[in-house]
Each structure stands twice: as C-alpha cells, then as structure tokens.
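Let's walk through this model by asking a few things of it. Grab your viewer and follow along.

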Amino acid sequence: AMDRELLMQKVQMQMSERRFKHVLGVEETAIALAEKYGASPEKASIAALTHDYAKERSDEEFQLVIRRDGFDLALLKWNNAIWHGIVGADFVQRELGIDDEEILNAIALHTTGAAEMSLLAKIIYVADFIEPGRDFPGVNEAREIALVNLDDAVAYETKHTLTYLIEQGKPIYPKTIETYNKWVAKHI
Ligand code: DGI
Ligand code: FE
Ligand code: FE
Ligand code: FE
C-alpha cells in the first residue's frame with residue numbers, strides 16, 4: 001500500500017490549495033474521532049485524505065464514468081455535489097488502487113450520509129462538517145456534539161444540511177432523505 005506522504009502528494013495534485021487545506025483539516029479531525037470512538041486511525045486518515053479526490057473533475061468525466069462503470073443512470077440528472085462522493089469513490093479505487101470497501105463506502109457516503117453507515121462512514125461525514133477550517137453558524141455546536149455522541153452529530157449535521165438545501169430551493173437527493181428519516185426524524 002501507498003504511504004501517507006505519497007497519498008498526500010497524489011491528492012494535492014488534484015485540487016486547489018484551499019481544498020487541500022480542507023482535506024488536511026478533515027484528516028486531523030477524522031483521526032481524533034477515530035481515536036475517541038474506536039475506529040482505525042489509519043483508515044480514517046486514508047478515507048479523509050481521499051474523500052474529495054474527484055471534486056475538481058469535469059462534469060463530462062463524471063457523466064462518462066457513470067455510463068461506463070454501470071452506475072444508476074438516474075445519477076446523470078444530478079451534479080458535482082452528489083457525484084464527487086458516490087462516483088468519486090470509483091476514481092479513488094481505480095487511480096489510487098485503494099480497495100478497502102469500508103474506506104470506499106465512507107468516501108461514497110460522505111456528502112449524503114445513508115440510513116446504514118459504518119463507524120468510519122459516520123466519522124468522515126462528521127469530520128467533513130466540523131474540520132477546523134469550517135466557519136458557519138452552528139459549526140461550534142456541531143463540534144461540541146461530536147465530542148459527546150457521534151450519532152447525535154450525524155443527526156445535527158443532517159438536519160442542518162437539509163434545512164439549508166431547502167432554504168436554497170435545491171433538489172434533495174433521495175439518499176439525503178433516507179439519512180434524515182433514519183437519523184433525525186422521530187419514530188411514529
Ligand atoms: O465537498 P465538501 O464541500 O467538502 O462537502 P460535501 O461533500 O459534504 O458537500 C458538497 C455539497 O453537496 C454541499 O454544498 C452540500 C451539497 N449537498 C449535500 N446533500 C445534497 C447536496 N446538494 C443537493 N442538491 N442535494 C443533496 O441532497
Ligand atoms: Fe465532499
Ligand atoms: Fe459534508
Ligand atoms: Fe470535504
């Protein structure tokens with residue numbers, strides 16, 4: 001397997017300095033959460049370093065890969081926000097040779113979450129939201145919750161993101177709604 005230094009170089013080459021700084025913030029946060037909640041810090045590091053690997057690829061490249069690699073063609077109606085995680089995991093596997101299914105799944109789910117999430121997937125989802133470079137109303141509350149209960153942090157982030165998307169009149173990807181129903185909505 002590739003060492004961390006080489007992986008960092010390969011990731012850095014794919015993105016702006018600003019985004020790379022975000023990635024390093026997600027890594028630092030994900031390792032801390034892994035240590036706190038009993039996940040592998042090595043896997044947290046790899047998943048964090050690669051979670052936005054494909055974010056600066058063109059729409060045309062995503063569309064080509066969705067058709068070529070057998071993704072659900074309903075994805076073609078969406079955009080980079082949704083593609084860079086779900087389809088981005090495929091770029092990480094093919095171009096970086098990362099085959100760990102738990103890491104690939106955490107990358108795939110990092111934007112939308114899911115009803116079923118591994119500990120590592122929750123860590124990457126939350127670390128992406130609270131890394132030190134993030135600055136938005138509510139981020140400090142999210143950071144405090146993440147120190148206490150990871151599932152509560154998943155719920156807080158999901159509600160915050162969905163509320164923001166709805167306020168902006170954005171379309172909601174079905175998996176985002178599944179995440180809301182599982183982690184936020186009260187049982188009937
Ligand atoms: O890649 P990052 O900026 O670090 O963060 P991210 O991958 O969590 O989110 C990328 C964008 O995706 C962010 O602007 C919020 C947006 N997003 C998340 N869920 C949905 C969504 N956009 C739409 N339209 N629908 C969703 O369900
Ligand atoms: Fe992302
Ligand atoms: Fe996120
Ligand atoms: Fe990110």
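Q: Which protein donors hold the iron ion (ligand 2)?
A: This is a predicted model, and donors here are N, O and S atoms within 2.8 Å of the metal. Three residues supply them, lying 2.1 Å from the ion. In sequence they follow the spacing D-x31-H-x25-H. By name and atom, they're D52 (OD), H84 (NE2) and H110 (NE2).

Q: How many residues apart in sequence are the parts that D52 and H84 tie together?
A: D52 sits in the loop between α3 (41–50) and α4 (59–68), while H84 belongs to helix α5 (residues 80–86). Since they come from separate places in the chain, the pair ties together parts that are 32 residues apart.

Q: Is D52 buried or exposed?
A: The cut-off for buried is under 20% relative accessible area. H84 passes with 3%. D52 comes in at 5%, so D52 counts as buried.

Q: What share of ligand 1's exposed area does the protein bury?
A: Oxygen atoms of ligand 1 make polar side-chain contacts with K55 at 2.7 Å, with H110 at 3.0 Å and with D52 at 3.2 Å. Taken alone, ligand 1 exposes 570 Å², and the protein buries 81%.

Key
Residues are numbered from 1 along each chain as its sequence is written. Chains are lettered from A and ligands numbered from 1 in the order in which they are written. This is a predicted model: local features need pLDDT of at least 70, side-chain atom pairs count only at pLDDT 80 or more; totals for chains, interfaces and linings use all residues. Side-chain values use heavy atoms; hydrogens and water are left out. Donors are N, O and S atoms within 2.8 Å of the metal (3.2 Å for Na, K and Ca); water is not among the atoms, so sites may look incomplete. Helices (H or I, at least four residues) and strands (E, at least two) are DSSP runs, numbered from the N terminus. Buried means under 20% relative accessible area, exposed over 50%, partly exposed in between (1.4 Å probe, protein chains only). A polar contact is a pair of N or O atoms within 3.5 Å; within protein, one must be able to donate a hydrogen and the other to accept it, and residues adjacent in sequence count only if both atoms are side-chain atoms. Accessible areas come from the Shrake-Rupley method with a 1.4 Å probe; for residues, only the protein chains shown count as cover.
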